[in-house]
Amino acid sequence: MFDTLQDRLAATFKSLRGKGRITDADIDATTREIRVALLEADVNLAVVKDFVAGVKQKAKGSELSKALNPAQQIIKIVNEELIDILGGDTRFIRFAKQPPTVIMLAGLQGAGKTTLAGKLGAWLKSEGHSPLLVAADLQRPNAVQQLQVVAERAKVGVYAPQPGNGVGDPVQVARDSIDHARHGLFDVVIIDTAGRLGVDEEMMRQASRIKEQTRPDETLFVVDAMIGQDAVNTALAFEQGVGIDGVVLTKLDGDARGGAALSIAKVIGRPIMFASNGEKLEDFDVFHPDRMASRILG
Ligand code: GDP
């Protein structure tokens, strides 16, 4: 997804190699090229402005190390600024002191929430937890069945509405699932909620009510990295409408430009916590800002 950005930045740094010293004019030219590369990759304009200002200030300041050559120094600064816009340190799940830990997934329809519930479940299981997936998406036809299939594949528990047991009321299903987890000795509850095709008041209201009733330790906003600047706008809407703790980027295996998704952490002030890059259970990882920055810088 970040191949073009990678190539553009590599070309920018190449022109600095071999220079014994870097003048302010070199720094201006380099930051101009970085600006264009980031904008072409669809990084949010406000984020690009901050980024470029940060690089310029550090590069022209007194922080340059004598141990590195000029090109290395600029790359080091760009790397630090990239890590910063991607959220800084890796942010791991905060587990509840008293189980179960409740993780709520929110996002638009098709973002990849149900798929992610399985991936997160399989990953938590491999880390020694006993997760329970909860089918609180009663909106989309087959969503409940899809979650059951995903849970079976991930070999984790699933809680789905039974006839006569809160069918049609996702808030009730979500609330009941916590008692079910306690009795069944599940230590993490992952609630899959209903999305809509676009930002919608009813969706926000339902997600907010599920949140109120289950008091999640983590409310994760799941977003398709392929949707461009809409990813940033939707993240802002969910942050304002529901309140989110962290972001999960999905479809990073796609061939869209992806820069918008990388802007979310900075724009909404919430960290990217996980990344999904395929349809299989194992196409999933904890998001490490430093590793993503290294990947982009090649
Ligand atoms: P939900 O409506 O948010 O629950 O979304 P789903 O989990 O049903 O996912 C929507 C579609 O995206 C499905 O066809 C998934 O297989 C697919 N999908 C989910 N995550 C990824 C991913 O990381 N990469 C790719 N290529 N497809 C994905």
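**Ligand contacts and pockets**

In this predicted model, a polar backbone atom of Ala111 sits 3.3 Å from an oxygen atom of the ligand. Gly110 also contributes its backbone, with a polar atom there 2.7 Å from a ligand oxygen. Thr114 uses its side chain instead: a polar atom of that side chain lies 2.7 Å from an oxygen of the ligand. On its own the ligand would expose 580 Å², and the protein buries 80% of that.

Zooming out, the shell around the ligand holds 17 residues, the closest being Gly110, Thr114, Thr115, Ser276 and Glu279. Helix 5 is the top contributor to this shell, with 4 residues. By residue class, the shell comes out as 9 polar, 6 charged and 2 nonpolar.

And the space the ligand takes up? That is the largest pocket, with a volume of about 390 Å³. It has 24 lining residues, and Gly112, Thr114, Thr115, Gln146 and Glu279 are the closest to its centre. Helix 5 (113-126), helix 6 (143-154) and strand 4 (188-193) each give two or more residues to this lining, with helix 5 giving the most, at 5 residues. The lining splits into 11 polar, 10 charged and 3 nonpolar residues.

Then there is the second largest pocket, with about 250 Å³ of space. Its lining includes Leu252, Asp253, Phe284, His288 and Arg295. Here the elements supplying two or more residues are strand 8 (284-286) and helix 11 (289-297). This lining divides into 6 nonpolar, 4 charged and 2 polar residues.

Methods: Residues numbered from 1 in each chain as written. Predicted model: local features only at pLDDT ≥ 70, side-chain atom pairs only at ≥ 80, totals over all residues. Heavy atoms only, no water. 1 Å grid on protein atoms, 1.4 Å probe; cavity = no way out; pocket = protein on both sides within 12 Å on 5 of 7 lines; lining within 4 Å. Points joined across faces, edges and corners; volume = space filled by probe spheres on them. Nonpolar A, V, L, I, M, F, W, Y, C, P; charged D, E, K, R; others polar. Near = heavy atom within 4 Å. Polar contact = N/O pair within 3.5 Å; in protein donor to acceptor, adjacent residues only side chain to side chain. Areas by Shrake-Rupley, 256 points an atom, 1.4 Å probe, with all protein chains shown as cover. Sits in = over half its atoms within 2 Å of the grid points.
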